[in-house]
2 protein chains.
Amino acid sequence: MVTGPPVFAAIADPTRRAILDAIRGRERSAGEIASLFPVSRPAISKHLRVLRGAGLVRERRVARSRLYSLDPAPLREVERWLDHYRVFWAARLHDLKRVVERQERRPQPGRNP
Amino acid sequence: MVTGPPVFAAIADPTRRAILDAIRGRERSAGEIASLFPVSRPAISKHLRVLRGAGLVRERRVARSRLYSLDPAPLREVERWLDHYRVFWAARLHDLKRVVERQERRPQPGRNP
DNA sequence: GTATTATGTAACCATATGGTTACAGGACCA
DNA sequence: TGGTCCTGTAACCATATGGTTACATAATAC
């Protein structure tokens, strides 16, 4: 049984990572998400439940559809864990800083509220 | 079956993350690692095999012991994946930059060669 | 009301996973 | 050589996981 923050287990599966990639940027309905993958709709439904359990997606009911959008907050836990290791590839830390600075200059994408 | 980069599955288990935390900093023997956890030594041996499969640990035979040390390289794959999401908590990007700058100023820990 | 659409849930299945105990093998010591 | 130490592997077990098909439910359309 995998205990600890569920986000680590949630992103272990490649299909779930792909789902996150698919809704990063724009909200999508469950059916729309399912259409992107070669597995059945119920399988996707279960993946979405896991992602919801990890707090990685928000669900919004609209008419007959359920629209899913990204909630990146739990990923900061992964980020925090990686912090302890980032020092080990410190040779490229200045690259990271440059990335950060580039993104700071960029306008906020702003997920729809 | 979990395909894709094995590093994501490797770090999904909390015991394996704890093992990485334990050998981050200093090399440890298999038995020493096992002594840190409430599970049997063979269980740890299997976890170490998974970590080796993901390229996260290096093994060095010394006398009767096997010494394990961290190989952080595969974690950069996780880092790279997170890059696409970091923009979504951009409000705190300047914090990250500060962390980076703090670590750049710090002397290199240098894993023994 | 009834039909239709979109989605979650139940029941089930095969395989993966994480754990155990028992055993095998290589390296040091006498 | 024989014995002890350290560790990996084999065999096995219970449960988790990811998938399926069939059904239930909720909201719109008629």
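Reader: Where in chain A is the place of A:Ala63?

Author: Begin with the named elements: helices (H or I, at least four residues) and strands (E, at least two) are DSSP runs, numbered from the N terminus. A:Ala63 belongs to the loop between β2 (57-62) and β3 of chain A. The model is predicted, so local features need pLDDT of at least 70 and side-chain atom pairs count only at pLDDT 80 or more, while totals for chains, interfaces and linings use all residues. Residues are numbered from 1 along each chain as its sequence is written, chains are lettered from A and ligands numbered from 1 in the order in which they are written, and side-chain values use heavy atoms, with hydrogens and water left out.

Reader: Is A:Ala63 buried or exposed?

Author: Buried means under 20% relative accessible area, exposed over 50%, and partly exposed in between (1.4 Å probe, protein chains only). With a relative accessible area of 80%, A:Ala63 is exposed.

Reader: What is the phi of A:Ala63?

Author: Most residues other than glycine have a negative phi. A:Ala63 is not a glycine, yet its phi is positive, at about 55°. In chain B, B:Ala63 lies in the loop between β2 (57-62) and β3. Phi of B:Ala63 is also positive, near 55°, and at 83% relative accessibility B:Ala63 counts as exposed.

Reader: What is B:Leu48 in contact with, leaving aside its neighbours within four places in sequence?

Author: Contact means heavy atoms within 4.5 Å. Apart from those neighbours, B:Leu48 touches B:Ile19, B:Ala30, B:Ile33, B:Val57 and B:Tyr68. B:Leu48 is part of helix α4 of chain B and is buried, with a relative accessible area of 2%. One of its contacts, B:Ile33, is 15 residues away along the chain, and the two C-alpha atoms are separated by 9.7 Å.

Reader: Which strand of chain B is the place of B:Ser29?

Author: B:Ser29 is in strand β1 (residues 28-29) of chain B. B:Ser29 is buried, its relative accessible area being 16%. Beyond four places in sequence, its contacts are B:Ser65, B:Arg66 and B:Leu67.

Reader: How many Å apart are the end C-alpha atoms of α5 of chain A?

Author: The expected span of a helix is 1.5 Å times one less than its number of residues. Helix α5 (residues 75-86) of chain A has twelve residues and should therefore span 16 Å, which agrees with the 16 Å between its end C-alpha atoms. Its buried residues are A:Leu75, A:Val78, A:Glu79, A:Trp81, A:Leu82, A:Tyr85 and A:Arg86. These cover an arc of only 165° around the axis, which puts them on the same side of α5(A). The arc is that of the directions from the helix axis to the C-beta atoms.

Reader: Which residues of α5(B) are buried?

Author: They are B:Leu75, B:Val78, B:Glu79, B:Trp81, B:Leu82, B:Tyr85 and B:Arg86. Seen down the axis of α5(B), they fall within an arc of 165°, so they line one face of the helix.

Reader: Which of the residues around DNA strand C come nearest?

Author: A residue is near a strand or molecule if one of its heavy atoms lies within 4 Å of it. There are 21 residues around DNA strand C, and A:Gly31, A:Tyr68, B:Ser40, B:Lys46 and B:His47 come nearest. Of the atoms of DNA strand C within 4 Å of the protein, 62% belong to sugar and phosphate. Elements that each supply at least two residues of this surface are α3 (30-35), α4 and β3 (65-70) of chain A and α4 of chain B.

Reader: What is 2.5 Å from a base oxygen of DNA strand C?

Author: A polar contact is a pair of N or O atoms within 3.5 Å; within protein, one must be able to donate a hydrogen and the other to accept it, and residues adjacent in sequence count only if both atoms are side-chain atoms. That base oxygen is 2.5 Å from an N or O atom in the side chain of B:Lys46. Polar backbone atoms also take part: that of A:Gly31 is 2.9 Å from a phosphate oxygen of DNA strand C, and that of A:Ala30 is 3.3 Å from one.

Reader: Which residues come nearest to DNA strand D?

Author: Of the 21 around DNA strand D, they are A:Ser40, A:Lys46, A:His47, B:Gly31 and B:Tyr68. A polar side-chain atom of B:Tyr68 is 2.3 Å from a phosphate oxygen of DNA strand D.
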